Amino acid sequence: MSLFLCGCFYFCLFIVFTQCHDEYAKQVIESDEHLYVTCGSVIKLRSVASGFRLHSHQVTYGTGSGQQSVTGYSGSDDNNSFWVVKGPFGKDCTQGTPIAKNDVFRLEHHATGRNLHSHLHQSPLSKQQEVSCFGEADNGDTGDNWSLKPVNDGDNYWIRGNEFRLQHVDTSKWLQMSTHTFNHPIPGQREIACSTKQGSDTKWTTAEGLFFPHPK
């Protein structure tokens, strides 16, 4: 069985398990092999300021690019908040490779196969820079690239549970959970935008997920 099929199989088992056992998300794997976020991992990202998860769905923006919208979702049990860690546009990343400080990578929305993306369109509520999901699999562009910036200067890798920021490579702006909320058809969900400023609303941490171990 290929590594991809094995990954899909174990992710499906993970989804079933987490739906049946709410306490699973509170458990910690005490293993050096699972300390880092690695390529191939399927994860949720939680805003430090709000606790909302980075989220997407089959709902498009009514303004700006008209692409698939990206929002903040308050719950922890929605499968539309899972993202797959991949290499940067045009490059592969071997499953289990740890993401290092300043590394460039992409996040693919697991449910729809589109990449977390930003560009010069205006965000609908805060009038900053729009964040969307764009392309499918490898059919994207450099607007899908993000760079890891750990909050702790001593973190040389993406460490599970530690705070970090994501900087959009093309525009140098920061992934932000804004305080603006949408109405129909996604009431209560927060706007995600890119900001010129680094604040508490641009800090993130890993939450639930399937973390592939890195090889020793």
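Q: What counts as a nonpolar core here?
A: A nonpolar core is a set of buried Ala, Val, Leu, Ile, Met, Phe, Trp, Tyr and Cys residues joined through side-chain atoms within 4.5 Å. Buried means under 20% relative accessible area, exposed over 50%, and partly exposed in between, with a 1.4 Å probe and protein chains only.

Q: And what sort of model is this?
A: This is a predicted model, in which local features need pLDDT of at least 70 and side-chain atom pairs count only at pLDDT 80 or more, while totals for chains, interfaces and linings use all residues. Residues are numbered from 1 along each chain as its sequence is written, and side-chain values use heavy atoms, with hydrogens and water left out.

Q: How many residues are in the largest nonpolar core?
A: It has 29 residues, and those with the most contacts inside it are L45, L54, L116, W158, L166 and L175.

Q: Which strands supply at least two residues of it?
A: β1 (42-47), β4 (83-86), β5 (104-109), β7 (129-134), β8 (146-150), β9 (164-168), β10 (174-181) and β11 (190-195) each do. Strands are DSSP runs of E, at least two residues long, numbered from the N terminus.

Q: What is in the second core?
A: That separate core has 5 residues, including V42, F82, V84 and L210.

Q: Back to W158. What does it touch?
A: Not counting residues up to four places away in sequence, W158 touches L35, Y36, V37, I43, L45, I99, F105, L148, F164 and T206. Contact means heavy atoms within 4.5 Å.

Q: How do the rings of F105 and W158 sit?
A: Their centres are 5.3 Å apart and their planes are at 40 degrees, so the pair is tilted. Phe, Tyr and Trp rings (six-membered ring for Trp) pair if their centres lie within 6.5 Å; planes under 30 degrees apart are stacked, over 60 edge-to-face, the rest tilted. F105 is in strand β5 and W158 in the loop between β8 and β9, 53 residues apart.

Q: And W158 with F164?
A: Those ring centres are 4.9 Å apart with planes at 65 degrees, so that pair is edge-to-face. Ring pairs link F105, W158 and F164 into a cluster.

Q: What does its side chain make a polar contact with?
A: The E130 side chain makes one with the side chain of S65, at 2.4 Å. A polar contact is a pair of N or O atoms within 3.5 Å; within protein, one must be able to donate a hydrogen and the other to accept it, and residues adjacent in sequence count only if both atoms are side-chain atoms.

Note on methods: Helix = DSSP H or I, 4+ residues; strand = E, 2+ residues; numbered from the N terminus.
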